[in-house]
Amino acid sequence: MNNKPNKTQKNPWKCGKCGGELTLGMIRASYLGNEFEVEELKCLKCGFVLITEDLALGKMFEVEQSLENK
Amino acid sequence: MEQDELKRQEDKCIQENPPACTAGCPIHLDARKLMLDIQKQDLKSALATMQKKQPFPGIIGRICDHPCENVCKRKDVGTTIAISDLERYCVQNQTTTVKKMKVPPKSQTVAVVGSGLRGLTVAYDLAKKGYKVSLFEKADRLGGNLWNYSEHQLPPEVIVEELSVLNRLDIQIKLNTAITQQDLAKLQEEFNVVYLGLADQSNDVVELLGEHSSVDLVTCATQTPGLFRGSLVGNESPIKSVADGRKAAVSIDRYLLGVSLTGSRESEEPYETKLYVKTKGIAPLPVVPMNDESAGYTTEEALQEAGRCLNCQCLECVKGCVFMQEYGSYPKSYVRQIYNNDAIVMGLRQGNKMINSCSLCGQCAAICPQGLDLGETCKATRESMVSKGKMPPSAFDFALRDMAFNNSEEFALTRHQPGYNSSKYVFFPGCQLSASSPEQVEKVYAYLMEKLDGGVGLMLRCCGAPADWAGDQELFQNSLKVLVAEWESLGKPKLIVACSTCHSMFREKFPELVSLWELMADLDLPVQDPNVSGGKVAVQDACTTRHEPVIQDAVRHILARLGYEIEELPYSKEETKCCGFGGLTSFANPELAKKIVEDRISESATDYVAYCAMCRDNFAAKGKRTFHLLDLIFGTNLEEAAIRPRVGFSYRHENRAKLRRKLLHSLWKEAPQEKEGAFRTINLLLNEKVLEVMEDRRILIEDIQQVIELAERTGQKFVNPDTGHNLAHFRPFKVTFWVEYQSQEQGFVVLNVYSHRMEILEDGHE
Ligand code: SF4
Ligand code: SF4
Ligand SMILES: [Zn+2]
């Protein structure tokens, strides 16, 4: 998956758990027994992951749908 | 679906059978297509359509005796289409072009004796297939009887021009060559096949063939191998001569290929088509006259005449069903697509969404002259998908969770009437009516307790339809088992159902089943406010009453008693349309469900009355004034009732739970325990926009409450220092919900919600 969050648009969020900054990183995800990596925001310090609306309803949804039809 | 079942379903659909004109034409010209070509003013295409079947369109188009017109469907509503005159129009206005031969030449040789239409056709057909053809004519020109037509009808230059194609096909033409018995023997030695196109001059044939002159009428073969002849004697019809030649050409080709001459030749002769064409409701139109008979149709006249063609199709089911229209085809091809989809072992099942989008409402079966039920196929396939573990989870998960809620302690309830310890009846309002108008459930229950003796128990729960529709038979049967046990605990009372879907689910299981409407039709109705009764309403029959005329009649009876004038929608009663809820269409394909509603509500400007809560809500949600029958029966504030918005998913849960608590409290004097869960105390502030987003994305208040409760308790959230917004998530089951919110004194303002099904596997992500 290569749904990169819009880089020009500054990410306004901070980790509420530890106050850490968020950065783009590869994140492991799974659906229906398939594992893959997604590039998303996560906390530099504690690794807490943020899935944006764009990713959830865009690329993630697409991948979910195609896996469901496999 | 098994292969033979597929075949059986496919064969039922007669849409691909040819129109009457084509079936009735001796060479099966596609006149329907020709009419479309003319309508589009595409005469090149028109000529190509003719040429596909006619060997010499310029000739046939001018002289055909058009048996097709005797059977053309237009005669049921006006006069038969002037197909032949239109063919003439085409060939008068467009010259024939011959495409280059594409087949590789074959070494086998054929001698054709006689160049009337029969011989010409045989020569033409076989040369086109690549055979080496020699054509023998005793006269000094080709064409035989063709020269007997008037110059006006068939100008000599047309004959010459049209027959010049034979040269281009490399046919060896031998004029001034009469064939004697001796010559024939030589031809038989020299050529692989000899064809005698001499049936009209049967003396010649007898002379040539002697006692061997008899011929097989199906194949045109004589008793001598490799010798064929025309099979029609004393024929006056030019088109039949062409057909006779074609028949022989087919046989000769098969003979030279060494395959059976007789196999599957039934549809070569003219026949009666099985294509069903509904002409009811089509305005009759007479044939368009020619301004100048001898000149033929002008373009304008031809356009008008071709425009009368009915473009014969069946498509009866498609006309009635938005789902079928959505996927652009008809059941014959749908069942094949479904079969193929089901048979895929590896690779993408492109058809899943289509299969899950059908409303399983049976309208197609009720309309189809052959009774084909596409819904049955879709349902069986869903069951197969579930059993193979191939049902896409996102399709029906939400509906099945809703069902689980309805069968949980939050809603489910079984009680005798207060003060009774047995029940003669039990009222089963169903989960949708309880969600859409809980107050009406209360009213109906009070009414039934007042009108009926012997105790009217109450059962709140789901009938199991979502499981049945989702193809989960195991879940459905298990749910039914519990339901039956509850019913037995009441002493097997007579079941009164308000919802037609429940009725359709119970039909087989409960012998003593009665719809609320049947019952009310015979009871005193609540006293009506004299000011509100009357007016005209159009009835939306619930699709699950399709085969329940008793219920449909009862509804009309009640309406009549209430003083309403009834309008019947174009598709009603047995042919009624689903509102998009049936088969869980609105869950698997919300966009399609919207179209289904829009289509149905556009059928009449009259206010609708529905007797299913889902029909009412779906129509009202799209702005159609729609009453529930109970609104009219218990008639208060009808103006408001007609436009009452749909109750959204979150409040449906709440309404059901409240109804249960309220009834327990007011009727049975029980104080049910409030449900556990800290999240339930989270107060949400929701505006219209967010509620709409929640509805679209099927996210419930309780889902949001859980996200916020967890985030606030654990601090697991993201914060935006500039705005003070929070963003948090929670995964209570196979869906992760995300909520953006802001905390305020009175509660939490919900700003946005979304979800995904995929699971994040990072350590820091709980
Ligand atoms: S109405 Fe048109 S398609 Fe139908 S039979 Fe007549 S010519 Fe053929
Ligand atoms: S109604 Fe539909 S399924 Fe039935 S024959 Fe016609 S096109 Fe086929
Ligand atoms: Zn952190």
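This is a predicted model: local features need pLDDT of at least 70, side-chain atom pairs count only at pLDDT 80 or more; totals for chains, interfaces and linings use all residues.
Visitor: How are α1(B) and α17(B) oriented to each other?
Guide: The axes of helix α1 (residues 3-12) of chain B and helix α17 (residues 331-343) of chain B come within 8 Å, and they cross at roughly 165 degrees. Because angles over 145 degrees count as roughly antiparallel, the orientation of α1(B) to α17(B) is roughly antiparallel.

Visitor: How do the residues of the contact of α1(B) with α17(B) divide into nonpolar, polar and charged?
Guide: From α1(B) come Q3(B), L6(B), Q9(B), E10(B) and D11(B), which meet K332(B), V335(B), R336(B) and Y339(B) of α17(B). Sorted by class, the residues of this contact divide into 3 nonpolar, 2 polar and 4 charged.

Visitor: How many charged residues does the contact of α3(B) with α7(B) have?
Guide: The contact is made by A31(B), L34(B), M35(B) and I38(B) of α3(B), together with I83(B), L86(B), E87(B), Y89(B) and C90(B) of α7(B). By class there are 8 nonpolar residues and no polar ones, and the number of charged residues is 1.

Visitor: How many residues of the shell around ligand 1 are charged?
Guide: The residues around ligand 1 include C21(B), C72(B), C309(B) and C312(B), and also R32(B) and K73(B). The shell divides into 8 nonpolar and no polar residues, while the charged ones number 2.

Visitor: How many residues of the shell around ligand 2 are nonpolar?
Guide: Among the residues surrounding ligand 2 are C13(B), C314(B), C317(B) and C368(B), as well as Q15(B) and E316(B). With 1 polar and 1 charged residue in this shell, the nonpolar ones number 9.

Visitor: Which strands stand at the edges of the sheet?
Guide: The open sheet of 6 strands has mixed pairing and runs in the order β1(A)-β16(B)-β17(B)-β18(B)-β19(B)-β15(B). Each edge strand has a single partner strand, so one side of each is left without a neighbour in the sheet, and these strands are β1 (14-15) of chain A and β15 (684-685) of chain B.

Visitor: What is the bridge partner of V719(B) in β17(B)?
Guide: Strand β16 (residues 718-719) of chain B pairs with strand β17 (residues 726-730) of chain B in the antiparallel sense, over 2 bridges. In β17(B), the residue that bridges to V719(B) is N726(B).

Conventions
Residues are numbered from 1 along each chain as its sequence is written. Chains are lettered from A and ligands numbered from 1 in the order in which they are written. Side-chain values use heavy atoms; hydrogens and water are left out. Axes are lines fitted to C-alpha atoms, for helices over the stretch in contact, and angles run from 0 to 180 degrees between N-to-C directions. Helices (H or I, at least four residues) and strands (E, at least two) are DSSP runs, numbered from the N terminus. Angles under 35 degrees count as roughly parallel, over 145 as roughly antiparallel, 65 to 115 as roughly perpendicular and the rest as oblique. Contact means heavy atoms within 4.5 Å. Ala, Val, Leu, Ile, Met, Phe, Trp, Tyr, Cys and Pro count as nonpolar, Asp, Glu, Lys and Arg as charged, and the others, Gly among them, as polar. A residue is near a molecule or strand if one of its heavy atoms lies within 4 Å of it. Two strands pair if DSSP finds at least two bridges between them.
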